[in-house]
Amino acid sequence: MGVSSYSDEYSSTIPPARLFKALILDSHNLIPKLMPLAIQSIEISGDGGAGTIRQINFAEGSQGKFIKNRVDELDEKNFSFKYSLIEGDGMMDKLEKITYEVKFEGTADGGSINKMTSTYYTKSDFVLTEEEIKAGKEKALAMYKVVEAYLLQNPDAYA
């Protein structure tokens, strides 16, 4: 099994608490509304904390039907979230799992720095290409940008 980690950092004018609530705590309600052509629904099995399963069902015509994420850690006070992609269409025949660590930190100007680390655990000697990693990052960034735009247009949402 191979292990590869990649980190990204994004800055936003939105405070960390609002981004965390929208992107993490209420994503199962908000994301399907904002991205109906990509995400049909997000189903939650559990109380939202560690051990909870989130099944993301993709819209018809998408490359895959669904993925399942397991919540590993949810820290609402420190705006951090750890989860693992454990099942789904696409690359799971080549991967054991992918773990994600997301952290939202406040900045002096009232905005936030948002850090994400992705760790890919590949099966046998499979090696991920830069294109595959970039495609995953672009999907995550697109969802982030859609939610950020929504929060900018709706200053009372998730306040």
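1. Start with Phe20. Setting aside neighbours within four places in sequence, Phe20 is in contact (heavy atoms within 4.5 Å) with Leu25, Leu74, Asp75, Glu76, Phe79, Ser80, Phe81 and Phe104. Phe20 sits in helix α1. Helices (H or I, at least four residues) and strands (E, at least two) are DSSP runs, numbered from the N terminus. Phe20 has a relative accessible area of 1%, so Phe20 is buried. Buried means under 20% relative accessible area, exposed over 50%, partly exposed in between (1.4 Å probe, protein chains only). Phe20 and Glu96 lie 76 residues apart in sequence and 27 Å apart in space, C-alpha to C-alpha.

2. On the model itself. This is a predicted model: local features need pLDDT of at least 70, side-chain atom pairs count only at pLDDT 80 or more, and totals for chains, interfaces and linings use all residues. Residues are numbered from 1 along each chain as its sequence is written, and side-chain values use heavy atoms, with hydrogens and water left out.

3. Helix α3 covers residues 130-153, 24 residues in total. From first C-alpha to last, α3 reaches 34 Å, close to the expected 34 Å; that expectation is 1.5 Å times one less than the number of residues. Its buried residues are Ile133, Tyr144, Val147, Glu148 and Leu151. They pack against β1 (2-12), α1 (16-25), α2 (27-34), β6 (95-106) and β7 (112-122).

4. Next, α2 against α3. Their axes come within 11 Å and cross at roughly 95 degrees. That makes α2 roughly perpendicular to α3 (65 to 115 degrees; under 35 is roughly parallel, over 145 roughly antiparallel, the rest oblique). Axes are lines fitted to C-alpha atoms, for helices over the stretch in contact, with angles from 0 to 180 degrees between N-to-C directions. Leu30, Ile31 and Leu34 of α2 meet Met143, Val146, Val147 and Tyr150 of α3. The contact has seven nonpolar residues, no polar and no charged. Nonpolar here means Ala, Val, Leu, Ile, Met, Phe, Trp, Tyr, Cys and Pro; Asp, Glu, Lys and Arg are charged; the others, Gly among them, are polar.

5. Ser12 belongs to strand β1. Ser12 is buried, at 9% relative accessible area.
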